[in-house]
Amino acid sequence: MSAWNTWAERELAGLRAINRYRETVPFDGDGPEGKLRDRRLVSFASNDYLGLASHPQVKLAAIAAIERFGTGAMASRLIVGTRSLHVELESLLAEWNHSERSLVFSSGYAANLGVLTTLGETDVTLFSDELNHASIIDGCRLAKARTLIYRHLDLQHLQILLRQTPGRKIVVTESVFSMDGDTAPLPALAQLCSEHGALLILDNAHAALGPKLAPTRDLEVLHVGTLSKTLGSLGGFVAGSSRLIELLVNRARTFIFTTGLSPADTAAAAAAVRICRSEEGDHLRARLRALIDMIRPGHPSAIVPIVLGEDAAALAAAAELREAGIHVPAIRPPTVPKGTARLRVALSASHTEAMVRSLQAALANLTCINSN
Ligand code: PMP
């Protein structure tokens, strides 16, 4: 074995020893039911919150786009990789987010990196919630700006930091937090940002049910979103003022130096946005709301965490659920802080009530957490 492979082997053994080893396991299905290691399971693990990844209209839109434009964009967007499909999707996303313009990236991860590195210049201070997603953390790290971390959802702490800091400011937060499913108090946050002249970057990746920030005067806001969760496709976007988006087109390296989104992904996302904005979208959200209420009444999002503490406890609980035919992932550090390993239940409008009832029963029967 080469020295590099010996080193990799030692690193992997270290990860196994502390229950942090991970692997990619195929889950084959179309919707929440699928096969994992030859077992049929119902998954409560995906981010397909409205079930649009399996929606017939969304599938047809992707197929039609392939027939018309082929499978790839074939170049970066500024060369010859822009299709009318991208323009159409960007205008739909702008309208949906009450913004002048939007720009599509190849992932939500790339969107966060692009916006934070473009706007986070040396004279800027970034204020970032301590539980923000890795793509926001990495965007802050790559930006030339200084980053100050405020305590999770603690607007008083944020206010103190904003008061102490001169110069240009950007506050960046998720509106629904990906591992806790709790939500940012948007009106108060918007008020604070406008008092301090800070630009607000809101990552709405998991905001299948809201909260939505109402269009606000006196506040510059950029909405970051993903096409890969509620919209059932692949990609990300930023929506905001025409000038800021134009600057991203010219400066965001994660937009400029990569191939355009594929025709299928672009058309699927556009079809999904149309459904989200229709009466059917209202219907799907009401259905999702009702399913969430079965598990945790009044919980503000489709992500319901069951925090168990130690990594081994979360792994044991996930294994027990698999035995009961249910796939709920164990989420461990570094995805969540040390000592807060958890089961992350994600509900979708594509689940049936019977599926959610069997999840409830399996959770109630978990011997590893209900035994004392
Ligand atoms: N932001 C948040 C809050 C996320 O949870 C994720 C994905 N887990 C992303 C951004 C990245 O989105 P994508 O999967 O489209 O890269």
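Which hand does the crossing of helix 4 and helix 5 have? The crossing is right-handed. A crossing counts as right-handed if the near helix is turned clockwise from the far one by less than a right angle, and as left-handed if anticlockwise.

This is a predicted model: local features need pLDDT of at least 70, side-chain atom pairs count only at pLDDT 80 or more, and totals for chains, interfaces and linings use all residues. Residues are numbered from 1 along each chain as its sequence is written.

**Helix packing**

Helices (H or I, at least four residues) and strands (E, at least two) are DSSP runs, numbered from the N terminus. Axes are lines fitted to C-alpha atoms, for helices over the stretch in contact, and angles run from 0 to 180 degrees between N-to-C directions.

| Helix pair | Angle | Axis distance |
|---|---|---|
| Helix 4 (108–119) and helix 5 (134–142) | roughly 30 degrees | within 8 Å |
| Helix 2 (56–69) and helix 10 (263–276) | about 145 degrees | 7 Å |
| Helix 4 and helix 8 (242–251) | about 100 degrees | 10 Å |

Helix 4 and helix 8 are therefore roughly perpendicular. Helix 4 and helix 5 are roughly parallel. Angles under 35 degrees count as roughly parallel, over 145 as roughly antiparallel, 65 to 115 as roughly perpendicular and the rest as oblique.

Which residues build these contacts? Two residues are in contact if their C-beta atoms, placed from the backbone, lie within 7 Å.

Helix 2 passes helix 10 in a right-handed crossing. Residues of helix 2 in this contact include A61, A65 and F69, and those of helix 10 include A264, A268 and I275. The contact divides into 15 nonpolar, two polar and no charged residues.

**Ligand shell**

The ligand is surrounded by 14 residues, and the closest are S107, G108, Y109, A205 and T226. A residue is near a molecule if its C-beta atom, placed from the backbone, lies within 6 Å of it. Helix 4 gives the most to this shell, with three residues. By class, the shell has two nonpolar, ten polar and two charged residues.

**Domains**

The domain assignment gives domain 1 (26–49 + 302–370) and domain 2 (54–276). Such bounds come from an automatic or database domain assignment. The domain centres, taken over C-alpha atoms, are 28 Å apart. In the contact, 14 residues of domain 1 meet twelve residues of domain 2. Strand 11 (303–309) gives the most to the domain 1 side, with three residues. That side has seven nonpolar, four polar and three charged residues.

**Backbone features**

Most residues other than glycine have a negative phi, and most peptide bonds are trans. The bond from G210 to P211 is cis, with omega near 5 degrees. P211 sits in the loop between strand 8 (199–203) and strand 9 (221–226). The bond from P333 to P334 is also cis, with omega near 10 degrees. P334 lies in the loop between strand 13 (330–331) and strand 14 (341–346). H98 has a positive phi, near 50 degrees. H98 is in the loop between helix 3 (84–96) and strand 4 (101–105).

Note on methods: Nonpolar A, V, L, I, M, F, W, Y, C, P; charged D, E, K, R; others polar.
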